[in-house]
Amino acid sequence: EGVLRQLIQKLDKEGVKHVVIFTHAATNIAMARALMGRRESVRSGTCSVGKYVRKGQGREGLGEWARLMDGECGFLEKGEEVSSVG
């Protein structure tokens, strides 16, 4: 959570509005939980996409986030092939 907080603060300072992060499923699940501020099920399939939008500043530099997309694979010809749900 600390690294994610630092990243968000740096991006805010530089005025960055959109970020794409490519990562391993377990890391994606951990980041999603940190952004949402709660431990809940997060789907992270191979080559899947998650989308999180900031709702407000709050939570000590992390902000408040809404999950709009979770483990989306509709763009893949064969759909989801391998997934992790954490």
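Leu7, Val16, Val19 and Ile21 make a nonpolar surface patch of about 290 Å². The model described here is predicted. The structure also holds four salt bridges, and its largest pocket has a volume of about 1,200 Å³.

**Surface patch**

- Among the patch residues is Val19, which lies in the loop between helix 1 (2-14) and helix 2 (25-36).
- Val19 counts as partly exposed because its relative accessibility is 47%, a value between the 20% limit for buried residues and the 50% limit for exposed ones.

- Side chains of opposite charge can pair when their charged atoms come close.
- One of the salt bridges joins Glu14 and Lys10, whose closest N and O atoms are 2.7 Å apart.
- Glu14 and Lys10 are four residues apart in helix 1, so about one helical turn separates them.
- Lys10 has a relative accessibility of 49% and therefore counts as partly exposed.

**Salt bridges between distant parts of the chain**

- Arg54 and Asp12 meet through their side chains in a salt bridge, with an N to O distance of 3.1 Å.
- This pair links distant parts of the chain, since Arg54 is in strand 2 (residues 49-56) and Asp12 is in helix 1, 42 residues apart.
- Arg54 counts as partly exposed at 24% relative accessibility, and Asp12 counts as partly exposed at 36%.
- A salt bridge also forms between the side chains of Glu80 and Arg43, at 2.5 Å from N to O.
- Glu80 lies in the loop between strand 3 (64-72) and strand 4 (83-85), and Arg43 lies in strand 1 (residues 43-45), so this pair ties together parts that are 37 residues apart in sequence.
- Glu80 is partly exposed, with a relative accessibility of 32%, and Arg43 is partly exposed with a relative accessible area of 32%.

**Largest pocket**

- The largest pocket, with a volume of about 1,200 Å³, is lined by 38 residues, of which Val19, Val20, Ile21, Gly50 and Tyr52 are the closest to its centre.
- Helix 1, helix 2, strand 1, strand 2, strand 3 and strand 4 are the elements that give two or more residues to this lining.
- Strand 2 provides the largest share of the lining, six residues.
- By class, the lining of the largest pocket comprises 20 nonpolar, 13 polar and five charged residues.

Terms used. Residues numbered from 1 in each chain as written. Predicted model: local features only at pLDDT ≥ 70, side-chain atom pairs only at ≥ 80, totals over all residues. Heavy atoms only, no water. Patch = residues over 30% accessible without salt bridge, like charges linked within 9 Å, V, L, I, M, F, W, Y side chains within 5 Å. Areas by Shrake-Rupley, 256 points an atom, 1.4 Å probe, with all protein chains shown as cover. Buried < 20%, exposed > 50% of the residue type's maximum accessible area, 1.4 Å probe, protein only. 1 Å grid on protein atoms, 1.4 Å probe; cavity = no way out; pocket = protein on both sides within 12 Å on 5 of 7 lines; lining within 4 Å. Points joined across faces, edges and corners; volume = space filled by probe spheres on them. Nonpolar A, V, L, I, M, F, W, Y, C, P; charged D, E, K, R; others polar.
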